[in-house]
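Thanks for coming, everyone. Let me put today's model on the screen, and then we'll walk through a few side chains.

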Amino acid sequence: MKLSRPVSWFLLAFGAWSWFVWITFVRNLWKNGSGLAFDDAGDPTGYFWVHLALAVTSFVLGTAIGVIGARGLRALRGHGAARTEGRGSTR
């Protein structure tokens, strides 16, 4: 399966965006002082664990999607070089 250049760039950007958003969220979750993420004793609550699991899942999926986009771009670059070489050898 071949990915187009715009789709490959979209996937790569989506992966990077996912990392940016969820790193920011985890930082804010860790610093949470509202009582949602940590109870009065300072122990993590269910809210903390659920959202940490969501963040980890999003890191994994964002990485996988970004890698697919990067591989798509790499394949297009290699495909263009092969096409140019093929034209030069027939002349």
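Start with Phe-10. Its relative accessible area is 55%, so Phe-10 is exposed; that word means over 50%, while buried is under 20% and partly exposed lies in between, with a 1.4 Å probe and protein chains only. A word on the source: this is a predicted model, where local features need pLDDT of at least 70, side-chain atom pairs count only at pLDDT 80 or more, and totals for chains, interfaces and linings use all residues. Residues are numbered from 1 along each chain as its sequence is written, and side-chain values use heavy atoms, leaving out hydrogens and water.

At 38%, Phe-14 is partly exposed. Both residues sit in helix α1, residues 5–30. They are four residues apart, about one turn of the helix. Helices here are DSSP runs of H or I, at least four residues, numbered from the N terminus.

How many aromatic pairs are there? Rings of Phe, Tyr and Trp (its six-membered ring) pair if their centres lie within 6.5 Å; planes under 30 degrees apart are stacked, over 60 edge-to-face, and the rest tilted. By this rule, the count is eight. Phe-10 and Phe-14 make a tilted one, 6.3 Å centre to centre with 35 degrees between the planes. Ring pairs also link Trp-30, Phe-38, Phe-48 and Trp-49 into a cluster.

Back to helix α1 for Phe-20. Phe-20 is exposed, at 52%.

Last stop, Val-56. Val-56 belongs to helix α2, residues 46–90. At 44%, Val-56 is partly exposed. Trp-19 is 37 residues away in sequence, and 9.9 Å away in space, C-alpha to C-alpha.

Technical notes: Helix = DSSP H or I, 4+ residues; strand = E, 2+ residues; numbered from the N terminus.
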